[in-house]
Amino acid sequence: MLRIHAIQTKEAQKQVCELCSVEFIPDALAYAAYDTPEIPNDPTVCDEAPGTLLGVAQFAFKKDGAYIYDLRSPEGIDDFEALFIMGRSLLNFVDLCGTHDAYLAYPDRIEPRLVTAVGFKKRDDGKYYMDLRGFFTKHHGN
């Protein structure tokens, strides 16, 4: 079962970042994805999950929008779907917080296919951007 949750402590965030070979950014928020056979009774307060770590996402709110720093799996793990769902989950959280502009801080750190699938587009100024206004409430099938 796929489990994605906000990492609750900086110690846990640092450990997950190390396992995924990404720089730990203390000021960033983070999500983790696990393949786990069970969900804890209160998953909002638990940073430890039985099972396999599938990835980490780090992001931060800035004056002009949210910046996604990392969306990566540990070495030897290839679960595109888990990273995609985690990326969309964090963007939904960002949108629900009232921030509607999202940027990739380091697009070269994220697999290009994942960048496109999550919904980022390269602008003329070279920045990867996503407008979240209505993204999670409008139908995108057309």
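View 1. With a relative accessibility of 11%, Y31 counts as buried (under 20% relative accessible area, against over 50% for exposed and in between for partly exposed, with a 1.4 Å probe and protein chains only), whereas F93 is partly exposed at 31%. The model is predicted, with local features needing pLDDT of at least 70 and side-chain atom pairs pLDDT 80 or more, while totals for chains, interfaces and linings use all residues. Residues are numbered from 1 along each chain as its sequence is written, and side-chain values use heavy atoms, without hydrogens and water. Nine aromatic pairs are found in the whole structure (rings of Phe, Tyr and Trp, the last by its six-membered ring, with centres within 6.5 Å; planes under 30 degrees apart are stacked, over 60 edge-to-face, the rest tilted). The pair of Y31 and F93 is tilted, because the ring centres lie 6.4 Å apart and the planes stand at 50°.

**View 2. The stacked pair of Y67 and Y103.** The ring centres of Y67 and Y103 are 4.9 Å apart with planes at 20°, so this pair is stacked. Both Y67 and Y103 are buried.

**View 3. A ring cluster.** Y31, F59, F61 and F93 are linked into a cluster by ring pairs.

**View 4. Charges over rings.** The charged end of R113 is placed over the ring of F80, 3.7 Å from its centre (NZ of Lys or CZ of Arg within 6 Å of the ring centre and within 35 degrees of the ring normal). R123 lies over the face of Y129, 5.1 Å from the ring centre.
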